[in-house]
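Student: I'd like to go through a model with you, one question at a time. Could you show it first?

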Amino acid sequence: MGLMERTFGLLFGNGGNVIKDTVEVFRENAEAGSARSHSVQMEAMRGHSEEFLVSRQGAFDRVMDGINRLPRPALALGTLGLFVSAMVEPLWFAERMQGIALVPEPLWWLLGVIVSFYFGARHQVKAQQFQREIVSTMAHVPQVMQNVAALRKMRASSVGAAATGQDVRLAAAAVAPDQNPALDEWRRPA
């Protein structure tokens, strides 16, 4: 008996597990690793959300946003207007196109660069705003998951959803027949 006791004492130690402790030197404890990974991910999300906090915009910023929204609709509507004018007044349209043909090529390149930078910068700003909104939405995921779980527990198809518990009046009301005038009329002899 003493030999077995010493062997188990050597393997499992006094209150500790020598085998487990030895294995954890060579292989990570999956549960502890998962907890550390979750902690790191939550800290990263917290830091990321602080980076993209929504700042309040002043009147100047709102006016500039409104002005920045004008070029795309103006370009689209202007192009459609050119198509309409080509059909309605072909000579007027042809005169304008002859004027455009006189614009030198370097000026076209400059216009292309300006438009590209404008739309590229606008795209960058909108992409960053979109990322801020995603981070804000992701911060609400745990609460939404809890709400969904609570709502699913309330479904009529779940076990015990209609249980009356200790409420005697509710139990009596649940088994009492309802008033149904149409059924009463059908049951009456003709």
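Predicted model: local features only at pLDDT ≥ 70, side-chain atom pairs only at ≥ 80, totals over all residues.

Student: What share of the residues in the protein chain is buried?

Tutor: The cut-off to keep in mind is that buried means under 20% relative accessible area. The protein chain has 190 residues, and its accessible surface comes to about 16900 Å². Carbon and sulfur atoms hold 65% of that surface. The buried share of the residues is 3%.

Student: And of the contacts with a separation of 6 or more, what percentage is between residues 24 or more positions apart?

Tutor: Contact here means heavy atoms within 4.5 Å. Among the contacts in the protein chain with a separation of 6 or more, the part from residues 24 or more positions apart is 47%.

Student: Is Ser85 buried or exposed?

Tutor: Ser85 sits in helix α5, residues 71-88. Leaving out residues up to four places away in sequence, Ser85 touches Pro90, Trp92 and Phe93. Its relative accessibility is 14%, and the cut-off for buried is under 20%, so Ser85 counts as buried.

Student: Which residue has its backbone oxygen 2.9 Å from a polar atom of the Ser85 side chain?

Tutor: A polar contact needs N or O atoms within 3.5 Å. The side chain of Ser85 has a polar atom 2.9 Å from a backbone oxygen, and that oxygen belongs to Leu82.

Student: Now Asp65. Is Asp65 buried or exposed?

Tutor: Asp65 is found in helix α4, which covers residues 59-68. Not counting residues up to four places away in sequence, it touches Gln57 and Arg122. With a relative accessible area of 18%, under the 20% cut-off, Asp65 is therefore buried.

Student: On to charges. How many salt bridges does the structure hold?

Tutor: One joins Arg46 and Glu43, with the closest N and O atoms 2.4 Å apart. In another, the side chains of Arg96 and Glu95 meet at 3.0 Å, N to O. Both distances fall within the 4 Å cut-off. The structure's total is two.

Student: Why are Arg46 and Glu43 about one helical turn apart?

Tutor: Both belong to helix α3, residues 30-51. Arg46 is partly exposed at 40% relative accessibility, and Glu43 is partly exposed too, at 47%. They are separated by about one helical turn because their spacing along that helix is three residues.

Student: What kind of aromatic pair do Tyr118 and Phe119 form?

Tutor: A pair of aromatic rings is described by the distance of the centres and the angle of the planes. The count comes to one aromatic pair, and in it the rings of Tyr118 and Phe119 are 5.0 Å apart, centre to centre, with 75° between the planes. Tyr118 is partly exposed at 24% relative accessibility, as is Phe119 at 25%. Since planes over 60 degrees apart get that label, the pair is edge-to-face.

Student: Which element gives the most to the nonpolar patch on the surface?

Tutor: The patch is formed by Met45, Phe130, Ile134, Met138, Val141 and Met145, with about 540 Å² of accessible area together. Two elements give two or more residues: α7 (105-139) and α8 (141-153). Met145 lies in α8 and is exposed, with a relative accessible area of 53%. The biggest contribution, three residues, comes from α7.

Student: Last one: how far apart in space are Arg132 and Ser49, C-alpha to C-alpha?

Tutor: Arg132 is in helix α7 and is partly exposed, with a relative accessible area of 26%. In sequence, Arg132 and Ser49 are 83 residues apart. In space, their C-alpha to C-alpha distance is 7.2 Å.

Note on methods. Residues numbered from 1 in each chain as written. Heavy atoms only, no water. Buried < 20%, exposed > 50% of the residue type's maximum accessible area, 1.4 Å probe, protein only. Areas by Shrake-Rupley, 256 points an atom, 1.4 Å probe, with all protein chains shown as cover. Phe/Tyr/Trp six-rings, centres within 6.5 Å; stacked < 30°, edge-to-face > 60°. Patch = residues over 30% accessible without salt bridge, like charges linked within 9 Å, V, L, I, M, F, W, Y side chains within 5 Å. Helix = DSSP H or I, 4+ residues; strand = E, 2+ residues; numbered from the N terminus. Polar contact = N/O pair within 3.5 Å; in protein donor to acceptor, adjacent residues only side chain to side chain.
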